[in-house]
Amino acid sequence: LNVEELDPAGKSLADALRVSFGVLKFVMIALIVAYLFSGMTNVKEGTVAVRTIFGSVQGDPSRQVLQPGGPYLWWPEPIGQFVTVPTTVQRVSLNDSFWFGIRPGTEAQSLDEMEPGELMPGRDGSLLTADRNIVHARWQVNFQIVDPVKFIRNVGFTPTPRDIDDMPRVYQQMRPADRPLYAARQMVRFAVERAIVRVTAQ
């Protein structure tokens, strides 16, 4: 179309369309660049990061774990993701599993002050020893993740919507980045509870 052959109104419309198309191209390029750079991140102290593409760990085995620092550039979500793993010591407290329940308003109550028959199985936790005694105990367990890649592959998997539906409500309401550590804590909790029952029974 020859712009010179158009009337003044047509020329104005053609110029406006040309300018609009130029602005649109600029905006599209800017959005693509912004999207690509949205995958950039810094790794905080006390954590390391592992790069994944569609949930699969990527990179040379000697360079899969990114140390604190940055910035690191990677494919943005949903294509790629930086999965951060804490390197600090994590703590799991078993305060209720093997401890008797305390009624509201009696927080200072000891087991000796409880009335006979007040302990109820299913509500009050306890352990049985080999000589048939009942033990109440509270435990605190410290653990540390030493292999972030194995942690992500075995614990920090990306659950499917069906998996999430089967999880507790607290898990469903968590940010996806917090779910692997929650799963690790639960695994440690269950393993330690089982070990405590076994050892105490012996």
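The second largest pocket of this predicted model holds about 200 Å³ of space. A pocket here is an open set of points on a 1 Å grid over the protein atoms alone, where a 1.4 Å probe fits and protein lies on both sides within 12 Å along at least five of seven lines. Its volume is the space filled by probe spheres set on the points, which are joined across faces, edges and corners. Rolling a probe the size of a water molecule over the atoms shows where empty space is left.

Which residues line the second largest pocket? Among them are Phe 143, Asp 147, Lys 150, Phe 151, Met 187 and Val 188; a lining residue has an atom within 4 Å of a point. Helices α2 (148-154) and α5 (179-201) are the elements that give two or more residues to this lining. Helices (H or I, at least four residues) and strands (E, at least two) are DSSP runs, numbered from the N terminus. By class, the lining has 8 nonpolar, 2 polar and 2 charged residues. Ala, Val, Leu, Ile, Met, Phe, Trp, Tyr, Cys and Pro count as nonpolar, Asp, Glu, Lys and Arg as charged, and the others, Gly among them, as polar.

Let's move on to the nonpolar cores. Such a core is a set of buried Ala, Val, Leu, Ile, Met, Phe, Trp, Tyr and Cys residues joined through side-chain atoms within 4.5 Å. Buried means under 20% relative accessible area, exposed over 50%, and partly exposed in between, with a 1.4 Å probe and protein chains only. The largest core has 21 residues, and those touching the most other members include Phe 143, Phe 151 and Val 188. Elements giving two or more residues to this core include β2 (47-53), β6 (80-86) and α5, and α5 provides the largest share, 5 residues. Val 188 is in contact (heavy atoms within 4.5 Å) with Val 92, Val 141 and Phe 143, leaving aside neighbours within four places in sequence. A second, separate core of 5 residues includes Ala 49, Leu 66, Trp 74 and Phe 82.

Now step back to the whole chain. You can find 5 helices and 10 strands in it, and 27% of its 202 residues count as buried. Of the contacts with a separation of 6 or more, 67% are between residues 24 or more positions apart.

Some single residues are worth a visit. Thr 52 sits in strand β2 and counts as buried because its relative accessible area is 2%. Beyond residues up to four places away in sequence, Thr 52 touches Val 57, Trp 74 and Ile 79, among others.

The loop between β7 and β8 (127-128) contains Met 120, which is partly exposed, with a relative accessible area of 43%. Gly 125 is found in the loop between β7 and β8 too, but Gly 125 is buried, at 9%.

Finally, visit Arg 132 in the loop between β8 and β9 (134-135). Arg 132 counts as exposed because its relative accessibility is 77%. Its phi is near 65°, a positive value. Most residues other than glycine have a negative phi.

A note on reading all this: residues are numbered from 1 along each chain as its sequence is written. Local features need pLDDT of at least 70, side-chain atom pairs count only at pLDDT 80 or more, totals for chains, interfaces and linings use all residues, and side-chain values use heavy atoms, with hydrogens and water left out.
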